[in-house]
Amino acid sequence: MTWTKNRLTQGYGSLLLLISLLPYGLMNVILTVNNCTQNCILQTTPGTSQSLKCAVQNHSQEEELLWFREDRRVDLKDENKINSSDICIYPVTEDDNGVTFTCKLKRNQSMSISVILNVTYEPILNGTDLRRVEEGSNIKIDCKVKSNPPAQMMWYRNDSLLNLEKDHHQIYQTSELLQLSISKVQKSDNGTYSCHANSPLKLEIKDFHLIVEDKKFTVPIEPIITATVVVVLTIGFGLIARRKAIMKLCIKDKKSQSDTSL
């Protein structure tokens, strides 16, 4: 019995010590954002305006608040810092999806509450519409996609699901890219390739037009230059040799004329 009382006394003593070590006035302080007492997710859409209100509950003194967008501190006016603080996000964009806004108590920043934006929007597709390639070359067609919720991605050709040929077609896909690679392009690859992004919100389609051109005849420059140099040098050496021969003939003729006059 005595042992039990001692254990209880030690437990109460530890609890009192822990309470005494807490920063003054923080024991019952609670932070809320839009009346949420825990981290939460805010559903929203592009083009809208969203207000976030952080408030200190059960405070016994004036408390200054801080706001952060991810790791970057948000500038606040002096009158928008004490006991409650509001920030406005306008306009909400697709790039705000997944961004975390955090409200913290300045004198003890371990006390915080966060809101994560979940921005839902239809698929957005981008890429170069028209591609030209020489027959026999390789080409990659990039369909860039942004979508929340994620979209199911597929390639179509001339309004039919693309029939992937081994060693001729290859698909590479990430959360933001659907890439079609075509090796050794043939004339039969001419046509319209469609990138289909099917999300629960909408089916979005973007067309890419591929034009396969005749292979251009390329003149081998280096062999021509080499041959030209050889011809020029040959002609040059030939002229020099001929000049020497002509000079010798002229000298011989002059000598013969001199001998005759004597």
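This is a predicted model: local features need pLDDT of at least 70, side-chain atom pairs count only at pLDDT 80 or more; totals for chains, interfaces and linings use all residues.

**Entry 1: the whole protein.** I looked up the burial next: of the 262 residues, 28% are buried. For secondary structure I noted 17 strands and two helices. Then I checked the contacts with a separation of 6 or more, and 64% of them come from residues 24 or more positions apart.

**Entry 2: a sheet.** I traced an open sheet of five strands, and its order reads E2-E8-E7-E4-E5. The pairing in this sheet is mixed. Which strands sit at the edges? I found strand E2 (40–44) and strand E5 (72–73) there, each pairing on one side only. I then zoomed in on E5 and its partner: strand E4, residues 65–69, pairs with E5 in the antiparallel sense, over two bridges. Across that pairing, Arg69 stands opposite Arg72 in E5.

**Entry 3: Ser85.** I went to strand E6 (residues 84–89) and picked out Ser85. Is Ser85 buried or exposed? I read a relative accessible area of 0%, so Ser85 goes down as buried, the cut-off being under 20%. Next I asked what its side chain meets, and found a polar contact of 3.3 Å between the side chains of Ser85 and Trp67. Trp67 also turns up in the list of residues that Ser85 touches, once those up to four places away in sequence are left out.

**Entry 4: Val92.** From E6 I moved on to the loop between E6 and strand E7 (100–105), where Val92 has its place. Val92 has 2% relative accessibility, so I count this loop residue as buried too. What does Val92 touch, not counting residues up to four places away in sequence? I wrote down Thr44, Thr45, Pro46, Gly47, Thr48, Gln50 and Val119. I followed up on Val119: Val92 and Val119 are 27 residues apart in sequence, and their C-alpha atoms are 7.9 Å apart in space.

**Recap for myself.** Two buried residues are logged, Ser85 in strand E6 and Val92 in the loop between E6 and E7.

Conventions. Residues are numbered from 1 along each chain as its sequence is written. Side-chain values use heavy atoms; hydrogens and water are left out. Helices (H or I, at least four residues) and strands (E, at least two) are DSSP runs, numbered from the N terminus. Buried means under 20% relative accessible area, exposed over 50%, partly exposed in between (1.4 Å probe, protein chains only). Contact means heavy atoms within 4.5 Å. Two strands pair if DSSP finds at least two bridges between them. A polar contact is a pair of N or O atoms within 3.5 Å; within protein, one must be able to donate a hydrogen and the other to accept it, and residues adjacent in sequence count only if both atoms are side-chain atoms.
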